[in-house]
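The notes are grouped by topic, and each group can be followed separately.

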Amino acid sequence: INLSKFFAEDFSSVLTSKESHFQQYGTMTWLELKEAEKLKEMQLNFKFKSMGITSAVNEISHRLKILLQQNEDRSDLEKMNREEFVIDEDRKNILIAERAQKISDIHSMYVKRNTWHELRAARVRQKCWDSMEVKSVTLLSFALSSTAFLSTDVGGKRSFKHAVSSFPISKNTPENIDTIEKVKRLRGIEVKTQHSSSLGSVHRVPGASGIHRSAWYTSLKGCPATVTWISNDGTRWPVNDQIDNLLSNEKLVSGNATQAAEGKDKEKGAAPAVAVVDDDDEMSANSLDDDHGIDENNILNLLYPPHAVRTQVQKRTQIVLLKEVVRQLRMRFNEKFTQLYKEKEDIFGSIESRNVRIRAILDDLHQKDEVASLKMTDLETPGSALRVDASELTSKPYESEAVKAARLREEEERIRKALENDKEDIKGRALDEMMFGTLEVKRDVFAEASALQKPEWMDTILVSEMNESELKEYDAFQQKLKTLQEEQASYRKLLEQEMKKLKNEIADSCKVFDEKLDEMSKLKVLVHREILSIEIYISRLALNMAKTEQTWKSLKKTEQQIQSLRKDRNEVRSKIDTFSVKFEEMKTRIGVLQEEERQLDKTFKRDLQNLCSNTFDQDSLKIFTMLFRMRTYPRGAYNGDGTNADSFGGDQSEVNQSESGNKTRSKGKSAGGASASKTTKYGRSTKGKGKDSSGGQGLNESAAGGESKGKSRMKASNKAGASASNNAMGPMQQAAEALKSSLEEGSKTSLERDPFYDALLRQDKVKKMNEGQIPVYNTLSMESDCPEDFIVDQFSWAKLNDLRSARIDKEIEVKKLLQEFADLKGKLERLDAEEAVLLSCLNEMKSARDVLVAGLRTLESDLDIVVCLRQGQDEVDKDAAVTDYSKALMLPTEILGKYNSRIKELGREKIAILTKTKQFRRKINMFDWEAKHNFMEAKHFEAYLTDLQLFRVTRELQKIIRDGSDASQTKERLEKVALRKEFLQKDAEEKLNTLRLNNDL
């Protein structure tokens, strides 16, 4: 038992964590609330017990600490081991065993976990690595390789700007190889037949040597060999040098686009020229093929044109061949990729050799610059994901002392063997001892310059105080120092030039490789686009095949359902025919019996008088007729209102009818009322039997009184019978009766739980109602049934009973036949309804079959073709996710070219008309302007004439007119104007300055 669960501090810690959770998240679940309540309750219940246990444990712990401290203070002879303080050895052994078991469980758990991880890794390796014939390899540009994967994060994922990977290619299984060989063999036979038959169409693919396009003539009609907009056909037919073709086509398209942008190309119209191969050209191509033959081993010669793939077999063959084409396309790209990969490895070698020289130059220059060493990254190394480097390990496994000692012994042994090998290398040891491991001896100019030291006396004596020998020594030292400095400068310059050249060579090689890698990335985009178009075509073919197969299955299933429905309908129809015959026969028989009943009713009085050889008066005949029509119905029959007849009487319930069934139905309520009055008039009670008839043959006194009295008598009789039976039975019999009643109640409860209980109850009710309508065959008694004051002899009474019995027999037979007739009619109605349902289902199945047949014809007639168009030629509105091309139309470029040329022609005509209109409007505007100008000029001359007429001539004007103009006066006027202008400028500047000052303030 873990007693810590009952400690108060543990409860408080748990509750504190719950409260912190509540404060953090603001809510607690129902389970958490219940758990907190349970913990609080346990804390309250075990509070004092936990406090006592805690105090006892603390006391034991305190005593143990004191003993251990006293043991530490003792001498070595008196000191005891820690294990000697253990008192409960059994508990100790149990704990050791539990810990050993726990260690074993943990070890087995980790072994299982490691085994599971290794199993998953092995499966992943087998399915994703070992199953690949060609593994995918990534190439990075030198910029990424040298700058630790320069990249941009897009959506949390690392994306490289210049990274190209090869295509992974899975291994071809023997089943796939066998399938490809079979398909090639069968398709080769078909190609031979098409080549030799007049109905075949075989000709060379334009722009490809040795590649032919083979199909039947009817399937290729209307589609020339030079078509450019259908994938895998015409100029887009897969060829051997598909990679080079993609590059050349892309360069051609980009060149045309550049020329169009620069305006160098001429306007040619919207539709490109498409060469149409007619029958003569095709026959000539066939004749050329007869000379050279077709290489049936080349899978490109076995492909179907896309519009020639019609049947399911052709679609399956095309899918197998196109998958092999995709595989070959990836292989060819991988070949070019492998060449570039090897080129990068060579560049790495050359860069490393140059880096060695650069390091040597840096050593000579006594510089400590670091030279980055380039190498293949993990992404560029195949299988790097499957190998774990020591640098990737974040934790080291536990190493025991024995394993560590073994590892150290192995290292020492390896070092010892290396030293022994070095001792045997005499030449290398001699080279190291004599020439420090190198055969070259370099002159260190910088070391010589630094080793050249100036004598001390040259620093103490001035040059002017030196003697001749000192001057010579001084001049020699200066000359040597100058020479070393010049050599050092020239050597430094030489080394720097060499290092610059090496760096430029490295940069140029990296740049060239990056350009090639850029071209390779563009090539991969083109290859991806080509593979995507082929795979889309394959998926469309597969989808068409799947839909066709599904449609066939649905059609077969629908046909089976139709046949089943037809069979069921025929069975129902045969049943209806059989029941119809029985129905008609029974209807005829019922009519005959009803006619006999009517004859018996009509001839009753005459037959009675004839049999009795007596003539009765009308009152007697009425009484005989009433007795003749009297009927007794069985007990427990349901009345029309749903009540049981048992609740209204004693031992036997009977309903007396004054008329027969047919008479009652024909005459209605009036006859029933008359007969009731007659019954009341002539009714009498039986002697010695009380008011109620024990034999059940008497008549009730009245409806309401009889019902109420019957109920009261029934209750009293039941109580009296129950008490009498209880008094008569002993204790064992009473227990048996109680058990029987409980079993009946239990069975009744189980029946009520039956889901079909209501239906069975209704069925039983209808059955009892039908049985209650059939009269009981009985003989009238003269003592009980004969009315009072009515005297009749035994012979007449016997003849009455004979006639009545014959009439009841007929009535019973008719009632039973009517019930059978009603059942048979219900069955016929149900069969008719079932036939109508089957007929509606059959019509629905037929309509569904027609839809499936129409869909199957559509699937068989539709051709799946992948169209390659330029972006400007696709005028369908683009959706955000998937564009719907179901209502799109493909229009030929020739028709569009005609329409475009006509539109341009109409545009030119419209522009010409608009130009003429513009010129005409310009002339009208010129005429209008001239008219307005002339009108204004005439008005001006009139005003000028008026001014001349009203002009006043002064003396100065007369002087000017007489003497002419004076230059001095003109000069004076000009000076006045200039002064006036200068004054106005100054005034304006002052005002502006004032405004600026006001604005600043």
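With a relative accessibility of 36%, asparagine 614 counts as partly exposed, and it sits in the loop between helix 16 (604-612) and helix 17 (618-629). The model is a predicted one, and the values below are computed from it. Which side chains pair by charge, and how are the partners placed along the chain? The pairs described below include examples within a single helix and between helices.

**The loop residue**

- Asparagine 614 and serine 796 are 182 residues apart along the chain, yet their C-alpha atoms are separated by 9.0 Å.

**Helix 6**

- The 23 residues of helix 6 should span 33 Å at 1.5 Å a residue, and because the end C-alpha atoms are 33 Å apart, the expectation and the model agree.
- Ile180, Val183, Lys184, Arg187, Gly188, Glu190, Val191 and Gln194 are the buried residues of helix 6, and these buried residues pack against strand 7 (200-204), strand 8 (212-216) and helix 10.
- A salt bridge joins the side chains of glutamate 190 and arginine 187, with an N to O distance of 3.2 Å.
- Glutamate 190 and arginine 187 are 3 residues apart in helix 6 (residues 174-196), so about one helical turn separates them, and both glutamate 190 and arginine 187 are buried.

**Salt bridges between helices**

- In general, side chains of opposite charge can pair when their charged atoms come close.
- The salt bridge count for the model comes to 36.
- Glutamate 535 and arginine 330 meet through their side chains in a salt bridge of 3.1 Å, N to O.
- Because glutamate 535 lies in helix 15 (residues 468-602) and arginine 330 in helix 10 (residues 312-364), this pair ties together parts that are 205 residues apart in sequence.
- Glutamate 535, at 35% relative accessibility, counts as partly exposed, and arginine 330, at 23% relative accessibility, also counts as partly exposed.
- Arginine 807 and glutamate 597 likewise meet through their side chains in a salt bridge, here at 3.4 Å, N to O.
- That pair links distant parts of the chain, with arginine 807 in helix 24 (residues 794-861) and glutamate 597 in helix 15, 210 residues apart.
- Arginine 807 and glutamate 597 are both buried.

Definitions and conventions. Residues are numbered from 1 along each chain as its sequence is written. This is a predicted model: local features need pLDDT of at least 70, side-chain atom pairs count only at pLDDT 80 or more; totals for chains, interfaces and linings use all residues. Side-chain values use heavy atoms; hydrogens and water are left out. A salt bridge is a side-chain nitrogen of Lys or Arg within 4 Å of a carboxyl oxygen of Asp or Glu. Helices (H or I, at least four residues) and strands (E, at least two) are DSSP runs, numbered from the N terminus. Buried means under 20% relative accessible area, exposed over 50%, partly exposed in between (1.4 Å probe, protein chains only). The expected span of a helix is 1.5 Å times one less than its number of residues. Contact means heavy atoms within 4.5 Å.
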